[in-house]
Amino acid sequence: MIFLRYLVIVLTYIGLGLGYLPGLRMNRATIAIVGAALLMALGVLDLPAAWRAIDYKTVIFLFGMMVISANLAASGFFQLALDYTIRRIHSPFGLLVVLTFGSGFLSALFLNDTVALILTPLVVSLTQLLKLNPLPYLLALAGATNLGSVATLTGNPQNILIGSFSGISYLNFAKALTPLALVCLVIQVGLLWWLYPEVRSLSPYLKVEPPRYRIIKPLLFKSLFITTGLLVAFLIGIPTAEATLIAAGILLVTRRLKPDRILQKVDWDLLVMFCGLFILTEGVQKLGSLEWFVRFVDHPLSILGVTVLLSNLVSNVPAVLLLHHLIPHPDSRTWLLLAAGSTLAGNLTLLGSVANLIVAEAVAKQGHRLTFGEHLRFGLPLTAITVVLTYFWIYQKIWV
């Protein structure tokens with residue numbers, strides 16, 4: 001029985017890391033749910049314990065942010081932002097800089113995977129119009145969505161988790177990590193400038209007509225107004241889950257869009273995966289499987305190293321769920337280190353984050369290929385530099 005329990009855990013985390021199980025049609029959501037169900041079947045925990053393990057505040061927060069992002073996308077906000085970029089930036093290097101900081105900024109406000117999913121096809125279309133090599137610009141998008149999301153609690157799912165576990169306020173989190181995110185974005189621009197000589201050009205490219213798109217002005221104004229109000233609510237200390245659900249509820253009151261159009265954009269797989277991961281992590285804790293990691297999390301550097309390693313083996317959300325039980329000193333610095341480390345680790349390999357995979361798939365559809373080695377050539381130095389910077393930023397009191 002003990003062997004079976006540990007076999008379920010090992011296979012589940014292998015599946016979560018790969019995103020599939022060989023020979024089976026399963027994604028991360030189904031793998032997490034099946035793993036949790038098998039632990040219940042093997043007597044590790046019962047249904048009431050599994051229900052209590054789910055952090056409902058995190059699930060509500062994620063759902064609300066997805067509804068808000070879906071409304072902004074439906075209104076044409078993201079296409080409008082890209083159009084603004086095309087009309088005002090006139091060189092390959094200028095496009096690289098604006099794309100990096102623009103997608104980083106959007107990822108700080110909204111979920112980074114959502115930003116990558118919406119902007120990737122737009123960037124592909126833009127580089128085709130301008131006859132530019134899409135790879136450096138898509139790498140910039142993938143990297144910036146990870147780097148920019150470091151800045152706030154709303155930037156990515158693991159930050160949402162850490163906000164729930166640590167109790168750090170939205171404002172304090174942003175004050176600590178926003179400058180770090182900005183410096184990391186500058187580093188990314190420099191690295192891409194070094195790796196891809198064609199992006200260094202300051203010569204204007206030929207003007208082209210941007211792709212046509214539709215703006216629904218009433219929905220755009222309403223979405224921006226509600227989003228601004230939500231950010232103000234975060235800053236004044238209103239609980240994030242409650243504020244986000246209220247904002248999403250207001251946006252769902254509409255005469256212009258069918259509810260299906262918005263609810264179909266909600267990433268239900270991600271929400272289901274989170275529920276399964278909460279249950280799975282509770283089962284792992286009950287079995288005492290986390291004790292093996294205790295010896296490696298007794299110092300900030302070791303915490304950072306284990307976070308980067310686990311984030312690339314099993315993905316960053318499962319890594320945070322595993323490690324948050326083991327934080328030896330639950331102070332703000334340790335939580336910030338966990339947040340930044342798990343997010344920056346996503347840039348290391350092509351499999352490190354969903355944003356990277358979104359970009360790779362988009363490139364393949366356009367006849368290009370973003371290989372593991374090509375991404376590693378960019379991701380390895382970027383991750384190494386930004387992770388080292390993170391340690392000194394947080395633990396050497398650079399940001400204080």
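**Note on the predicted all-chain model**

1. The secondary structure of the protein chain consists of 20 helices and zero strands. Its radius of gyration is 21 Å, close to the 21 Å that the globule rule gives for 400 residues, so the chain is as compact as a globular protein of that length. The model is a predicted one.

2. Regarding overall dimensions, the C-alpha trace spans about 65 × 50 × 50 Å along its principal axes. Of the 400 residues in the protein chain, 56% count as buried.

3. Helix 20 covers residues 372-395 and has 24 residues. From its first C-alpha to its last, helix 20 reaches 32 Å, close to the 34 Å expected at 1.5 Å a residue. Helix 20 carries a kink of about 30 degrees at G379, shortly before the proline P381.

4. Side chains of opposite charge can pair when their charged atoms come close. E374 forms a salt bridge with R377, and the closest N and O atoms are 3.6 Å apart, within the 4 Å cut-off. Both residues lie in helix 20, three residues apart, about one turn of the helix. R377 is partly exposed because its relative accessible area is 37%, which falls between the limits of 20% and 50%. The count for the model comes to one salt bridge.

5. Helix 17 (residues 316-323) is mostly covered, with eight of its eight residues buried. These are N316, V317, P318, A319, V320, L321, L322 and L323.

6. A separate point concerns the surface. F3, L4, L7, V10, L11, I14, L18 and Y20 make a nonpolar surface patch of about 730 Å². One of these residues, L11, is found in helix 1 (residues 2-18). L11 counts as partly exposed because its relative accessibility is 41%, and this value is over the 30% required of patch residues.

7. L182 and L382 are 200 residues apart in sequence and 14 Å apart in space, C-alpha to C-alpha.

Terms used. Residues are numbered from 1 along each chain as its sequence is written. This is a predicted model: local features need pLDDT of at least 70, side-chain atom pairs count only at pLDDT 80 or more; totals for chains, interfaces and linings use all residues. Side-chain values use heavy atoms; hydrogens and water are left out. Patches are made of residues with over 30% relative accessible area and no salt bridge: like charges are joined within 9 Å, nonpolar side chains (Val, Leu, Ile, Met, Phe, Trp, Tyr) within 5 Å. Accessible areas come from the Shrake-Rupley method with a 1.4 Å probe; for residues, only the protein chains shown count as cover. A salt bridge is a side-chain nitrogen of Lys or Arg within 4 Å of a carboxyl oxygen of Asp or Glu. Helices (H or I, at least four residues) and strands (E, at least two) are DSSP runs, numbered from the N terminus. Buried means under 20% relative accessible area, exposed over 50%, partly exposed in between (1.4 Å probe, protein chains only). The expected span of a helix is 1.5 Å times one less than its number of residues. The bend at a residue is the angle between axes fitted to the seven residues ending there and the seven starting there. The radius of gyration is taken over C-alpha atoms; the globule rule is 2.2 Å times the number of residues to the power 0.38.
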